[in-house]
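Please look over the sequence and the model first.

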Amino acid sequence: MPPKLRYEVYIPTLYNDRTPIELNKYRLIKNKLQEKFGGISVHPASVQGTWIEPISKQIFCDNCFRYEIVVEKTPENEEFFEKFKEELKQLLSQHEIFMISTEVNWI
């Protein structure tokens, strides 16, 4: 079986100005990933994170939903997620979107 990557995408519940992100945007994100890759896991329990914006030194405390998806490790998929991260930053008006990938063995 070809190598796989698990992407974890942390979607904040608030815009940077602290107003709530609209529910339809979560569905839009989930649907895009599901249509592209055929499946997705959504962890609706909130993940709390804190980070410092490097330029302004402003501290942000976020509650996030974690979207998780396992895909084949290909240059095309890696490029998709790099572009997808930038799309999410625009869609959600965020300074940053926390996204990680980990190589996994599918059993």
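Predicted model: local features only at pLDDT ≥ 70, side-chain atom pairs only at ≥ 80, totals over all residues.

## The largest pocket

The largest pocket has a volume of about 240 Å³. Its lining is made up of 13 residues, and those closest to the centre are Tyr10, Trp51, Asp62, Cys64 and Phe98.

## What lines the pocket

Three strands, β1 (4–12), β2 and β3, each contribute at least two residues to the lining of the largest pocket. The largest share belongs to β2, which supplies 5 residues.

By residue class, the lining of the largest pocket holds 7 nonpolar, 4 polar and 2 charged residues.

Phi of Lys57 is near 65°, a positive value in a residue that is not glycine.

Is Lys57 buried or exposed? Lys57 counts as exposed because its relative accessibility is 59%, and the cut-off for exposed residues is over 50%.

## Ser93, between α2 and β4

A positive phi is also found at Ser93, where the angle is about 50° although the residue is not a glycine. Ser93 sits in the loop that runs between α2 (75–91) and β4 (99–104).

With a relative accessibility of 45%, Ser93 counts as partly exposed. The reason is that this value falls between the limits for buried, under 20%, and exposed, over 50%.

Terms used. Residues numbered from 1 in each chain as written. Heavy atoms only, no water. Buried < 20%, exposed > 50% of the residue type's maximum accessible area, 1.4 Å probe, protein only. Helix = DSSP H or I, 4+ residues; strand = E, 2+ residues; numbered from the N terminus. 1 Å grid on protein atoms, 1.4 Å probe; cavity = no way out; pocket = protein on both sides within 12 Å on 5 of 7 lines; lining within 4 Å. Points joined across faces, edges and corners; volume = space filled by probe spheres on them. Nonpolar A, V, L, I, M, F, W, Y, C, P; charged D, E, K, R; others polar.
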